[in-house]
Amino acid sequence: MTLSMLDGEARVITAGTAVLAEALGQQAVPHLAVDWRPPMAGTAEALARVLADPRLADANATAVARMMSARPRLVGARPASEVLELPPRTFLHAGPPVDWERASGPMRGALIGAALFEGLAADAEEAERLLVAGGVNLDSCHHHRTVGPMAGVVSPSMWMLEVADEEHGGTAYCSLNEGLGKVLRYGAYGPEVVERLRWMGEVLGPVLAAALALSGPIDLRSLIAQALQMGDELHNRNRAATSLLVRELAPAIVDASPRYAAEVLRFVNGNDHFFLNAGMAAGKVSADAARGVPGSSMVVAMARNGTDFGIQVSGLGDRWFTGPAGVPDGLYLGAYGPQDANPDIGDSTITETCGLGGFAMAAAPAIVRFVGGDVSDAITATRSMYEITLAEHPAYQIPGLGFRGTPTGIDVTLVARTGVLPVVNTGIAGRVAGTGQVGAGLVSPPAEAFVAALTALAEE
């Protein structure tokens, strides 16, 4: 039997290091190269136990089906004190829980700005003393069905977009988008920042609430699907989605508030990221529909607070699994450079959690002009995410990939087996409080967050 194998043409399969395949290629020897990688270091035992769990396949099928079947609709806008029952002197923030002592520069800047906006301090120095002394209670947005971009700070007087899931009945919230540059979410807190927040509370929020009362709910799933066909990826590029949202809302804004209609429409028209916050709330309500499935290894939240990058998993309740947030690699504004950048920050990775953002970059070739790289990099990023996800979204499709659904439902076991980490595209905040935005780029989560989640699954 062994000798008979030598009578025919040799068929060679290579795995692991590429040098073997390269050597055969140089000798014109036909071969099949297998892209094999060992699992992440320290995960072999836990991975074996989780993969042997008889609940795993059905649990993950259930979780990803719930996420993809969600029907998020924008239904209203109301103050945080009302919809979140947020008491005075309580602020929410992006990412896993963090206190003032561990908070990064942009997080501190946003908290200072919120204290000034709420009238808890007369100036930045007084606001900082208040925060150092523990005069404000801090909690994670995710603990309150809420997401916030970048620093993600939400205070009681801020207005929130309300998104309801028509399919599963959940509700999620996100603050209103301020625009780019020196804004609260990037850690700026100057007078112009506070004044803009006041205008958003006195004019923008009430006008949007009145307009939505007239127009009725807006189907965000449909808008996101259309925007993907028009060149958005729904994290750092929202130009098409914002235009579609304005098209839906503009007549109702004019009818509901003729006094402020032009002012509001000019503000929204000048802010290509206006849709981002509605899209984040849509992502949150979709991911929340997939929570609490026993045995599921699917990620239902990825979030950063500027210090830690954390994930939550469907089968593991509300526990956070964290590692150090990395500094994005990207393009910088003006004279800023990597030395000015804060580690990754924000809840906006809920978009990647649901198959958008970095996972959908192949739909948005123009995004590379904002985050760096070239078009082939965007396509490669999306293709690689199919390796670590459970499904392809039936509604969110990518024209450039033959209308293939976006890779959806990050599986902790697939991350561990392949060593492939989720791709995130993101804005970059200045590390010094008060700086604002300094650039945009790409970043990967810390591997240890997925290793810790896998270990916890193995112990269930």
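User: Which residues in α8 meet which residues in α11?

Analyst: A note before we start: this is a predicted model. To read a helix contact, list the residues on each side. On the α8 side they are Leu-220, Leu-223 and Ile-224, and they meet Phe-275, Ala-278 and Ala-282 in α11. Of the residues in this contact, 6 are nonpolar, with no polar and no charged ones.

User: At what angle do helix α8 and helix α11 pack, and how far apart are their axes?

Analyst: Look at the two axes. Helix α8 covers residues 220-229 and helix α11 covers residues 274-288; they pack at about 120 degrees, and their axes are 10 Å apart. Angles of 65 to 115 degrees count as roughly perpendicular and those over 145 as roughly antiparallel, so α8 and α11 are oblique to each other.

User: Is the crossing of α8 and α11 left-handed or right-handed?

Analyst: The crossing of these two helices, α8 and α11, is left-handed.

User: Now the cysteines. How many disulfides does the structure hold?

Analyst: The test is the distance between sulfur atoms, which must be within 2.5 Å for a disulfide. The structure holds 0 disulfides. For Cys-141, the closest cysteine sulfur belongs to Cys-174 and is 7.9 Å away, which is too far for a bond. Cys-354 is in no disulfide either: its nearest cysteine sulfur, also that of Cys-174, is 13 Å away.

User: Are Cys-141 and Cys-354 buried or exposed?

Analyst: Compare the relative accessible area with the cut-off: under 20% means buried. Cys-141 has 0% relative accessibility, so Cys-141 counts as buried. Cys-354, at 6%, is buried too.

Methods: Residues numbered from 1 in each chain as written. Predicted model: local features only at pLDDT ≥ 70, side-chain atom pairs only at ≥ 80, totals over all residues. Heavy atoms only, no water. Axes fitted to C-alpha atoms, helices over the stretch in contact; angles between N-to-C directions. Helix = DSSP H or I, 4+ residues; strand = E, 2+ residues; numbered from the N terminus. Parallel < 35°, antiparallel > 145°, perpendicular 65-115°, else oblique. Left-handed = near helix turned anticlockwise from the far one by under 90°. Contact = heavy atoms within 4.5 Å. Nonpolar A, V, L, I, M, F, W, Y, C, P; charged D, E, K, R; others polar. Buried < 20%, exposed > 50% of the residue type's maximum accessible area, 1.4 Å probe, protein only.
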